[in-house]
Amino acid sequence: MIYVAPLPREAITDPEMLDLIEQSEALGVPDDLFPRIVARAAEQAKPFMRALLMSHAEGNVDHCLKEIIRILLARFAGDRYFAALRSRKAREMGLDEERIAAGCGDYEDSDLFTEAEKCALRYADQMYLDATKVDAAFYAEIKTHFTEPQIMELGAFIAFHYGMQMFMRSLGAAAPRGTP
Amino acid sequence: MRYSELMATDPDAIDAAFLDALRQHYSEEEIVELGLFIGFNLGYHTFFGTLKFYPLFSPDGRLLTQAESEKIYGPAPGSLQPSEHAK
């Protein structure tokens with residue numbers, strides 16, 4: 001059972017928040033649980049929701065790569081809720097469970113990923129496993145695959161989603177029914 | 001403060017009993033606000049730490065270059081230093 005109960009949908013009347021919930025449901029990440037919880041802190045809810053959706057579904061880094069990174073981080077964070085959610089946009093782009101499992105496993109030896117994708121996965125993996133390995137040499141390497149704006153986009157995406165996953169874990173959020 | 005430290009170091013210790021204790025002091029709205037703030041900072045401080053930012057100002061208020069700041073504040077940014085409780 002989740003420690004902080006989400007607001008009932010009918011208790012949320014702010015048009016922008018309702019639009020953000022619709023955007024979430026269309027994307028599939030998050031579903032309506034996260035926004036109904038954060039809606040309890042009305043002033044914070046909208047900017048957090050905008051950042052969550054924008055950092056994942058927009059930008060100049062491949063959405064499917066971000067989706068794999070998001071799931072890898074959620075598993076690392078021990079957050080069953082976000083780990084179980086899947087982006088419909090990524091699925092429509094061809095991302096399947098085999099590729100997700102490979103990205104969350106031994107991606108370094110997988111032939112499913114380019115060197116650039118492996119470097120991005122390593123960025124997420126090492127950030128919260130051993131941040132000292134994300135050093136000047138690592139940034140020099142990642143710059144051979146991505147532009148500096150893309151690296152900042154990736155880093156901010158990783159930091160924000162990991163933080164929200166740790167928050168949801170702290171609330172004891174479970175995986176939604178019917179999710180992988 | 002305990003909520004922030006546990007989220008980073010021992011999230012399994014944040015259970016229903018811990019949340020009940022938190023409710024003695026904070027409303028549901030405040031708990032969600034705190035949790036979002038802590039999660040956000042938990043994620044971003046590690047990211048910023050990897051970028052090796054140094055303070056822009058010296059302890060006496062002078063504007064510094066990053067090289068000057070590193071000499072004053074040392075090679076490891078404060079954001080990567082473990083807290084006293086986490087040691």
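**Helix α4 of chain A**

I started with how covered α4(A) is. It is mostly covered, with 12 of its 15 residues buried. This is a predicted model, so I kept the confidence values for a later entry. I listed the buried residues: C64(A), L65(A), K66(A), E67(A), I68(A), I69(A), R70(A), I71(A), L72(A), L73(A), A74(A) and A77(A). Charged side chains sit in that list too, K66(A), E67(A) and R70(A) among them.

Next I checked the length. From first C-alpha to last, α4(A) reaches 21 Å, close to the 21 Å expected at 1.5 Å a residue. Then I looked up its partners. The buried residues of α4(A) pack against α3, α5 (80-84), α6 (88-92), α7 (97-104), α8 (115-129) and α10 of chain A. After the helix comes G78(A), and its phi is positive, near 75 degrees.

**Helix α3 of chain A**

I moved to α3(A), residues 42-57. Its 16 residues should span 22 Å at 1.5 Å a residue, and the end C-alpha atoms are 23 Å apart, which agrees.

Which residues of α3(A) are buried? I noted A45(A), F48(A), M49(A), L52(A), S55(A) and H56(A). Viewed down the axis of α3(A), these buried residues fall within an arc of 150 degrees, so they line one face of the helix. The face turned away from the buried side carries the exposed residues E43(A) and P47(A).

**Two single residues**

I looked up D62(A), which lies in the loop between α3 and α4 of chain A. D62(A) has 16 C-beta neighbours inside 10 Å, so it counts as partly exposed; the cut-off for buried is 20 or more.

E22(A) belongs to helix α1 of chain A. Buried or exposed? With 12 C-beta neighbours inside 10 Å, E22(A) counts as exposed, because the limit for exposed is 12 or fewer. I also checked E22(A) against A77(A): they are 55 residues apart in sequence, and their C-alpha atoms are 26 Å apart.

Chain B has four helices and zero strands. Along the sequence, its pattern reads α-α-α-α. Of its 87 residues, 16% are buried. Among contacts in chain B with a separation of 6 or more, 49% join residues 24 or more positions apart.

I then turned to where the chains meet. The contact takes 23 residues from chain B and 25 residues from chain A. On the chain B side, α2 (16-23) and α3 (28-50) each give two or more residues. α3(B) gives the largest share, 17 residues. By class, that side has 14 nonpolar, six polar and three charged residues.

**Confidence**

I closed with the predictor's own scores. Chain B has a mean pLDDT of 86, and 85% of its residues reach 70 or more. Within chain B, confidence is lowest in helix α4 (residues 66-73), at a mean of 86, and highest in α2(B), at 94. For the complex, the predictor gives an ipTM of 0.90 and a pTM of 0.90.

Notes:
Residues are numbered from 1 along each chain as its sequence is written. Chains are lettered from A and ligands numbered from 1 in the order in which they are written. This is a predicted model: local features need pLDDT of at least 70, side-chain atom pairs count only at pLDDT 80 or more; totals for chains, interfaces and linings use all residues. Two residues are in contact if their C-beta atoms, placed from the backbone, lie within 7 Å. The expected span of a helix is 1.5 Å times one less than its number of residues. The arc is that of the directions from the helix axis to the C-beta atoms. pLDDT is the predictor's confidence in each residue, from 0 to 100.
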